[in-house]
2 protein chains.
Amino acid sequence: MLLEVVTIGDELLLGFTVDTNAAYISKVLAAEGMEVVRKTTVGDSADAIASAVGDALTRTGAVITTGGLGPTSDDATKSSIASLMGREMREDPGILAALGERWRSRGLPMPLPLSNANQAQVPDGAEILINDFGTAPGIWIQDGRGWVAMLPGVPREMRGMLVSGLLPRLRKLGSPDSRGVIRSLTLRTTGIPESAIADRIEAAKPVLNGASLAYLPGVEGVDLRLTLHARSAGHADELLSDAAAKLRPTLGSYMYGEDDSDLAAIVLDLCRTRKARLATAESCTGGMLGSRITAVPGSSDCYVGGMVLYANSAKIQLAGVPESLVRMNGAVSEQVATAMAGSVRDGLGADLGVGVTGVAGPGGGTPEKPVGTVWIASGTSERMEARSFRFPGDREEIRQRATQAALDMVRQLLTS
Amino acid sequence: MLLEVVTIGDELLLGFTVDTNAAYISKVLAAEGMEVVRKTTVGDSADAIASAVGDALTRTGAVITTGGLGPTSDDATKSSIASLMGREMREDPGILAALGERWRSRGLPMPLPLSNANQAQVPDGAEILINDFGTAPGIWIQDGRGWVAMLPGVPREMRGMLVSGLLPRLRKLGSPDSRGVIRSLTLRTTGIPESAIADRIEAAKPVLNGASLAYLPGVEGVDLRLTLHARSAGHADELLSDAAAKLRPTLGSYMYGEDDSDLAAIVLDLCRTRKARLATAESCTGGMLGSRITAVPGSSDCYVGGMVLYANSAKIQLAGVPESLVRMNGAVSEQVATAMAGSVRDGLGADLGVGVTGVAGPGGGTPEKPVGTVWIASGTSERMEARSFRFPGDREEIRQRATQAALDMVRQLLTS
C-alpha cells in the first residue's frame, strides 16, 4: 500500500512548529509494510488544503492528514476536504454528546461553548475515528478516488488515534507492499562515546544479516539502530534479533536496553528484584533525577523520595552535610556528593542513596572545576562509590547527562 | 515572493529523521518577506524528485530543495532536476579541485575516490553556491519557468549556505513579497482553557490591526500568537505591539509573558524583586518543579531547594507531616499539600513554600479523587493558599500541568 501524508497548519508552514507527526506516521506505517511516498505541508487555507489533498488522492488514492481539526476558526481541514469530495457538513449528535460529557466531567460550566460545538460538524457520509486523548474526533471519508483519514495535529492525540483507530482499519484494507516490510531495532548504550563504539565494532566486524547500522548520539548515550527490509515482519524481526545478539558482546555493560527502554525504568526494575529502596539527593540537577524516576508508573514501589539541595544552606540544613566539608572541598566534590548520598539514604530510610553535585553553567566554572564538572556518588550503607564526570553541552544538556549518568551508576551498582 | 521547499531523503520519508530543515528555511525567509506556501518531502528517487520539483515550479516558479547532494549513489537531486530542465551534467573543474584540496588537507590518500568526485558533476548552465561547512556544493539553476536552489541536507551545512549564499541572492532577485514581511508576537497564558479564551476574545472583539490570531494550547497553557504582514519589520512590530496591548486586558492575570518567556524564570524574577526565597515540596511531580526552576540560570539567587516526598513515609519522616493527617485526609488533600508547603518553607529557611500532591496515574485513582486530581498549596508564614485541580492527559502531561500550575500559584501570590 502506497500512501501520502498531508500535514496542515500555518504553524508548520511558517516554521514555528517542527513537524514531528509526519515522521511518526511514516515509521509506524513502514513497520507494517505500508509506504509513505510523499509528504506535503500546507497552511490553514481551504484552497491549499483541497489542492494538496486532491493531488495526493490522484497520485495514490490514500491520504492521511494531520491538523486543522480544532475548535477555532482557523481549522479548515474538514470543510475543505468535504467540498473537495462534494459533501455537505452535518452535525454529529454522538460527538456533540461526548464533547458535552467531557466538558461536564472537567467541572466546566455548561453549555458547551459554540467554538467547541463546531467540532461536532463532520462531512456527510464520513465515519468517525474516536479520539480517546482529546476533544477533536478524527474523520474517515471515502469515494471512488480513494480515502482520506483526518487526524488531529496534537502529537499525543494523533499517535493514539493512529495506532488504536486508523491502523487496524488500514490493515484490513489491503495487501502490504510487495517489497516487504522495513523494520528496525535499536540497542541503547550509555557512558561510552560514539567513536569508541565505532572502533570496537570496526574491530569485531559482527555479521549483521544485511542490516544497516546507524549511530545516533544523544544526551542519554549513543543508540545503535539496525534497519532491514524483509519479506515479512516475522522474518525481519528474526534477522534483527540475531544481528543484535551478535552485536551485544561488543557493547558489554555499556548497553542497557533496546528500542524505547528507559534507563530509569530499568533501574527501578533492578531495585524491585533486589528489594532495594532508592532515595536521591540533587544539587545541579535540581530535581531532574527524581522527575525521571517518578515519570515511570509504579515507581512508588522502590523510590522513597529525595532532597533538592540546591543552595549550600540546604546541603547543610536539610542534609546535615558538615559546613566544614563544603568549605574545605567545595560543594562540587567527592566528599559532598558522598555525604549527600549517605544522608538522603539514611534520612529517608532507603537502602540506596544517590548524590549529584556539579557545575551546570553557564556561570560558576573555575579552572579546576570548569562548567560540566559533576560528582556523583551512589551507595548502600556497606558500599559507596563516587565518580567525577566532565560533560559537554549547555546547562540543560549537562543536567540531562548528569541525570543519566547517576541512573547508570545505580544500575552498575545493582548489577555488579 | 512566494516559494516552495522540497526536502529530499529516504530517511525523512521513512521517519527516521525529523525534518527540521523545512521549518528553519520557512522561518528565516518569512522574516525577510518571502513566504513558503508549500513543503513537500520525497525519497531519494529520481522520478519522485522530478515530479515534486516540477509541480512546485509550475505553481510558484521558486523552489528550494534540501538533501540528495552527497557523494553516494542514492543522492539523485542534481541529475533528476537537470533532466527536468533538459540539461546535461558536466564536471566542474573548480569543485573538483576544491574537493581534492579538502581531501588532501585531511591527510587522506589521493586520488579522490570516485564517489567523492561525483560531487563535482553539475547541471549545464548551473551556478555554484559555495559550501563553507562541508563538501557538497549547492546548486542554483534557472530557466523560463523559474529557479531551483539545491542545498545540502545536513542541517549545519544547509543553514550556513542558506544564510550566506542563497539569501543575498534572493534579496537581489526581487521585490520582496508586495505584502512585505511576516512577523509574529506571542502572548502566553495559563490556567484558562482555549475555548474560554476564545469566548472572551469573541465578546471583546479587540481590534488587532489586521493580525491573525492563532490559539496554541499546550501543557503550559494556551499561547496566543499574533501574526501579520507589513511592509517593513519596524512597522510590523509596531502594529503587533499595539495589537498585543489591545488584547492584554481581555486576558487579565491569565497572561504571564510574551514570546519565549518561561513561567519559572518569571517567578524567579518576582522572587528576586521581592527578596523572597523559595522552597518546593513535591509528591506527584517528583522533582519536576525543582527541575523547571533550576533550569533557569541564576536560580540559586532565590531557590533554596526542596523535598521530594514521594512515599508517604517520606512525607512523614522528612517533612514531619503528621501521620494522622495523611491517614484522615489522604495524601492527596488540602491538609497534606498545606503541611508540605509549610514544612519545606520552614525546614529550608525559605520565605515561600510550595507543596504539590496529586494522582498522576495511570493507577491510584478513586471515584472521589480520580487520576488528574492535584492539590497545590503555596504560602508564606503569614498567608497560605491551597487549590485543587483536575488535569487532563496522561501521567507526564498531568505532572507537567501540575508543575506549571504550582509556578502560577507562586506568581499569583507574589503579584497580588
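Colleague: Where in chain A of this predicted model does D259(A) lie?
Modeller: The model is predicted. Strand β12 of chain A covers 255-258, and helix α10 covers 263-273. D259(A) is found in the loop between β12 and α10.

Colleague: Is D259(A) buried, partly exposed or exposed, and what is its phi?
Modeller: The relative accessibility of D259(A) is 36%. Buried would require under 20% and exposed over 50%, so D259(A) at 36% counts as partly exposed. Most residues other than glycine have a negative phi. D259(A) is not a glycine, yet its phi is positive, near 50 degrees.

Colleague: Where is K275(B), and is it buried or exposed?
Modeller: K275(B) sits in the loop between α10 (263-273) and β13 (278-282) of chain B. K275(B) is not a glycine but has a positive phi of about 50 degrees. The cut-off for exposed is over 50%. The relative accessible area of K275(B) is 74%, so K275(B) is exposed.

Colleague: Which residue does a cis peptide bond join to G361(A)?
Modeller: Most peptide bonds are trans. The bond in question has omega at about 0 degrees and is cis.

Colleague: What is the peptide bond from G361(B) to P362(B), cis or trans?
Modeller: P362(B) belongs to the loop between β15 (352-358) and β16 (373-379) of chain B. Omega of the bond from G361(B) to P362(B) is near 0 degrees, and the bond is cis.

Colleague: How much area do chain B and chain A bury between them?
Modeller: The contact takes 77 residues from chain B and 74 residues from chain A. The size of an interface is often given as the accessible area lost when the parts come together. Of the area buried here, 55% is on carbon and sulfur atoms. The buried area is about 5500 Å².

Colleague: How many salt bridges are there between chain B and chain A?
Modeller: R225(A) forms a salt bridge with E11(B), with the closest N and O atoms 3.6 Å apart. That distance falls within the 4 Å cut-off. The count between chain B and chain A is seven salt bridges.

Colleague: Which strand gives the largest share of the side of chain B that touches chain A?
Modeller: Between chain B and chain A, 29 residue pairs are in polar contact. The largest share of the side of chain B, seven residues, comes from strand β2 (residues 35-42) of chain B.

Colleague: In which sense do β2 of chain A and β2(B) pair?
Modeller: K39(A) stands opposite T41(B). Three bridges link the two strands, and the sense is antiparallel.

Methods: Residues numbered from 1 in each chain as written. Chains lettered and ligands numbered in written order. Predicted model: local features only at pLDDT ≥ 70, side-chain atom pairs only at ≥ 80, totals over all residues. Heavy atoms only, no water. Helix = DSSP H or I, 4+ residues; strand = E, 2+ residues; numbered from the N terminus. Buried < 20%, exposed > 50% of the residue type's maximum accessible area, 1.4 Å probe, protein only. Contact = heavy atoms within 4.5 Å. Buried area = accessible area lost by both parts, 1.4 Å probe. Salt bridge = Lys/Arg side-chain N within 4 Å of Asp/Glu carboxyl O. Polar contact = N/O pair within 3.5 Å; in protein donor to acceptor, adjacent residues only side chain to side chain. Pairing = 2+ DSSP bridges.
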